[in-house]
Amino acid sequence: METPGIDGLEREEQERGVRRANGADAERPAPRAVTVRELLSLEIPPREYLLEPILREKETAMLHAWRGVGKTYVGLELSFAIAAGGQFLTWRAPRARRVLYLDGEMPARTMQERLAAIVQASDRTDDFDPSNLRLVCADLQEEPLPSLSTTTGQTLLEPFVTEADLIVIDSISTLAGAGKENEAESWLPMQEWALALRRAGKSVLLLHHDGKGGQQRGTSRREDILDVVIHLQRPADYEPQQGARFEVHFPKARGLHGESVEPFEAALEVRDGRTVWTTRKLDDAQLARAAAFYRDGCKAADVAQELGVSRATAYRLKRRVEERGMLS
């Protein structure tokens, strides 16, 4: 069966929209309004954490990064931690949940290798239920996956989505690509689906690419419904041979504060044949790098350039390095 192109899918959606407007939508009940007293008296259960403290039930989050920084690896690590009731970086899953990972980018062999490394490094393999983590990989399909911005795409995945507590979409560009990426209106079908999933008690994690300016690529309207935005970015002194090493920032964190949203640095190392993630506060990492440069005899101007900071910051770092005795 031939898969319709984007134009065909858009026409299909327009036709469905006309039918809905003339039929089912006309039968929908009127919206419900409550008084402030009624709202305050409602018994609404608190939302539990899927991954504490950054992702709760019925939340929509985005993880974005420049290509090659490691967002798919992080997405898989997050998914496995939540599915196994484990932990990743500074975050912990209180209990195991059901995760659906939708992959539209990676070769199946690469996904297999990365998941094998994640499972091997985990201490949760003994009681891990494999059915908690299900993957729909574009590379394993006979036909291209339809866009999730269409009713067709959403309907085809509904049996898997219904069983999941968290749906991970990797990535927006490949799996929700109907319409132009930078047009706000083209995002509406995907936004409506994400809101419908929230009403159904599900959480969504969107993986996306950075634009040239370092923000998430395309329309900023995507961020309107997001509770948490996680940005991975290269440290100023990053070198390719270091592999997966990045800074973790929180441009948006609804309901989070304090240490939960402090930026930090993460790096992936291989020890005795197993992958190990290490983390340290961004301030500590920056200070350690500055100390190394100053020990090598670099001037403040050089340190500022290497770290991507102002000269004033470079001088402040030098004073702190001296005060802590880090030049010896």
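## Lys 202 and its neighbours

Setting aside residues up to four places away in sequence, Lys 202 touches Lys 58, Glu 59, Val 161, Thr 162, Ala 164, Asp 165, Ile 167 and Leu 197; contact here means heavy atoms within 4.5 Å. You will find Lys 202 in the loop between α7 (184-199) and β9 (203-209). Helices (H or I, at least four residues) and strands (E, at least two) are DSSP runs, numbered from the N terminus.

This is a predicted model, in which local features need pLDDT of at least 70 and side-chain atom pairs count only at pLDDT 80 or more, while totals for chains, interfaces and linings use all residues. Residues are numbered from 1 along each chain as its sequence is written, and side-chain values use heavy atoms, leaving out hydrogens and water.

The side chain of Lys 202 does reach the backbone oxygen of Thr 162, at 2.9 Å.

Lys 58, one of the residues touching Lys 202, has a positive phi of about 60° although it is not a glycine. Lys 58 sits in the loop between β2 and β3 (60-65) and counts as partly exposed because its relative accessibility is 35%. Leu 89, also not a glycine, has a positive phi near 55°. Its relative accessibility is 17%, so Leu 89 counts as buried.

Now for the cis peptide bonds. One joins Glu 52 and Pro 53, with omega about 5°, and Pro 53 lies in the loop between β1 and β2 (55-56). Another runs from Asp 170 to Ser 171, with omega near 10°.

Asn 132 is placed in the loop between α4 (108-121) and β7 (133-137). With 13% relative accessibility, Asn 132 counts as buried. Beyond its neighbours within four places in sequence, Asn 132 is in contact with Ala 83, Ala 96, Arg 97, Arg 98 and Val 99.

## The whole chain

The chain has 10 helices and 13 strands. Buried residues make up 43% of its 328 residues.

How values were computed:
Buried < 20%, exposed > 50% of the residue type's maximum accessible area, 1.4 Å probe, protein only. Polar contact = N/O pair within 3.5 Å; in protein donor to acceptor, adjacent residues only side chain to side chain.
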